[in-house]
Amino acid sequence: PATVLQALQHPLLRRAAAAARAGRCRREVALAVRLADGALVEGVADLAFREDEPAPTWTIVDFKTDLAVGGRIDEYRRQLGAYAEAVARATGLPTRAAVLQV
């Protein structure tokens with residue numbers, strides 16, 4: 001329980017909670033995108049939320065519970081980059097992405 005409470009206090013999740021109260025938060029979002037090299041990437045983003053200030057932007061969050069995230073961070077960044085690209089294409093809005101280790 002302490003880990004969950006600590007994670008919920010993270011500034012990123014506080015922003016997601018504010019977006020959820022405004023109806024702009026999605027959980028377990030199924031995504032698919034064809035990359036420039038022709039590869040099809042499919043996955044599920046743990047969290048996606050839209051903030052409208054200073055400008056409408058989606059934030060994609062992927063939670064990782066691995067003990068050794070550091071050894072796989074490049075893989076996770078590519079995965080999240082594909083998710084962010086899928087959301088940007090689908091919404092026409094800028095995106096940013098974050099890996100949150102819990």
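The model is predicted, so local features need pLDDT of at least 70 and side-chain atom pairs count only at pLDDT 80 or more, while totals for chains, interfaces and linings use all residues. Residues are numbered from 1 along each chain as its sequence is written, and side-chain values use heavy atoms, leaving out hydrogens and water.

**Around Thr 59.** Thr 59 is found in strand β3; helices (H or I, at least four residues) and strands (E, at least two) are DSSP runs, numbered from the N terminus. Show the side chains of Thr 59 and Arg 96, which are joined by a polar contact of 2.9 Å. A polar contact is a pair of N or O atoms within 3.5 Å; within protein, one must be able to donate a hydrogen and the other to accept it, and residues adjacent in sequence count only if both atoms are side-chain atoms. Leaving aside neighbours within four places in sequence, Thr 59 is also in contact (heavy atoms within 4.5 Å) with residues including Leu 12, Arg 15 and Phe 49.

**The sheet.** Now colour the strands. Four of them form an open sheet in the order β1-β2-β3-β4, with mixed pairing; two strands pair if DSSP finds at least two bridges between them. β1 and β4 stand at the edges with a single partner strand each, so one side of each has no neighbour in the sheet. β2 and β3 run antiparallel and are joined by five bridges. To see one of the pairings, select Arg 50 and its bridge partner in β3, Trp 58.

**Helix α3.** Next select residues 73–91, helix α3. How far apart are its end C-alpha atoms? They are 26 Å apart, which agrees with the 27 Å that its 19 residues should span at 1.5 Å a residue (the expected span is 1.5 Å times one less than the number of residues). Buried residues in α3 include Tyr 76, Leu 80 and Val 87. What covers the buried residues of α3 includes β1, β2, β3 and β4.

**Ala 82.** Stay in helix α3 and pick Ala 82, which is buried, with a relative accessible area of 6%. Not counting residues up to four places away in sequence, Ala 82 touches Val 33, Leu 35 and Val 41. End just after α3, at Gly 92, which takes a positive phi of about 75 degrees.

Note on methods:
Buried means under 20% relative accessible area, exposed over 50%, partly exposed in between (1.4 Å probe, protein chains only).
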